[in-house]
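User: I'd like a close look at one part of this model, its charged side chains and their partners. Could you take me through them?
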Amino acid sequence: VAHELPSVVTMAILREAHRILKPSTGKLVFCEMDFEAPAYAAQRANPLLFALIRSTEPYLDDYADHAPDFRTLLQELFDTTIVAPATGRHFAIVAYKGNTPTPATTTTTTTKNRI
């Protein structure tokens, strides 16, 4: 739901998701591009491909500039955040509101906001 939106709108969506999730069982899965991933760097290094991507992603630069802010906000709002790989260019953040998962259900945790 936050795809191709200005960063200010994405931040508002994340805050609203936190507000409406139940305090003891709420869970939000937020997938985003990993702008530091080698696969993304390869895309960006190809001017033709990157021009095509940018033409279909009007807020790509704004999104890239604020991606760390999204992760920081999720960590501030939710009790636990877990980062899990999704693709070579994306990862998912699973944010828990009051229902911290058991270690057996976690995959990768991060303190640096990326895998």
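With which residue does the side chain of Arg 19 meet in a salt bridge, and what is the N to O distance?

Analyst: Happy to. This is a predicted model, in which local features need pLDDT of at least 70, side-chain atom pairs count only at pLDDT 80 or more, and totals for chains, interfaces and linings use all residues. Residues are numbered from 1 along each chain as its sequence is written, and side-chain values use heavy atoms, with hydrogens and water left out.

The partner of Arg 19 is Glu 16, in a salt bridge at 2.6 Å, N to O (a side-chain nitrogen of Lys or Arg within 4 Å of a carboxyl oxygen of Asp or Glu). Both residues sit in helix α1, and because they are three residues apart there, about one helical turn separates them. Helices (DSSP runs of H or I, at least four residues) and strands (runs of E, at least two) are numbered from the N terminus. Arg 19 is exposed, at 56% relative accessible area, while Glu 16, at 35%, is partly exposed. Here buried means under 20% relative accessible area, exposed over 50% and partly exposed in between, with a 1.4 Å probe and protein chains only.

The structure holds four salt bridges. Another of them pairs Arg 71 with Glu 32, whose closest N and O atoms are 2.3 Å apart. This pair ties together distant parts of the chain, with Arg 71 in helix α4 and Glu 32 in strand β1, 39 residues apart. Arg 71 is buried, at 9% relative accessible area, and Glu 32 is buried too, at 1%.

Asp 61 and Arg 44 form a salt bridge as well, with their closest N and O atoms 3.7 Å apart. Here too the pair links distant parts of the chain: Asp 61 belongs to helix α4 and Arg 44 to helix α2 (residues 38-45), 17 residues apart. Asp 61 is partly exposed at 30% relative accessibility, as is Arg 44 at 39%. Through shared partners, salt bridges join Arg 44, Arg 54 and Asp 61 into one network.

Lys 97 lies in strand β3 (residues 90-97) and is buried, yet has no salt bridge. The nearest side chain of opposite charge belongs to Asp 79, 8.1 Å away (Lys and Arg count as positive, Asp and Glu as negative; His and the chain ends are not counted).

Of its 115 residues, 38% are buried.
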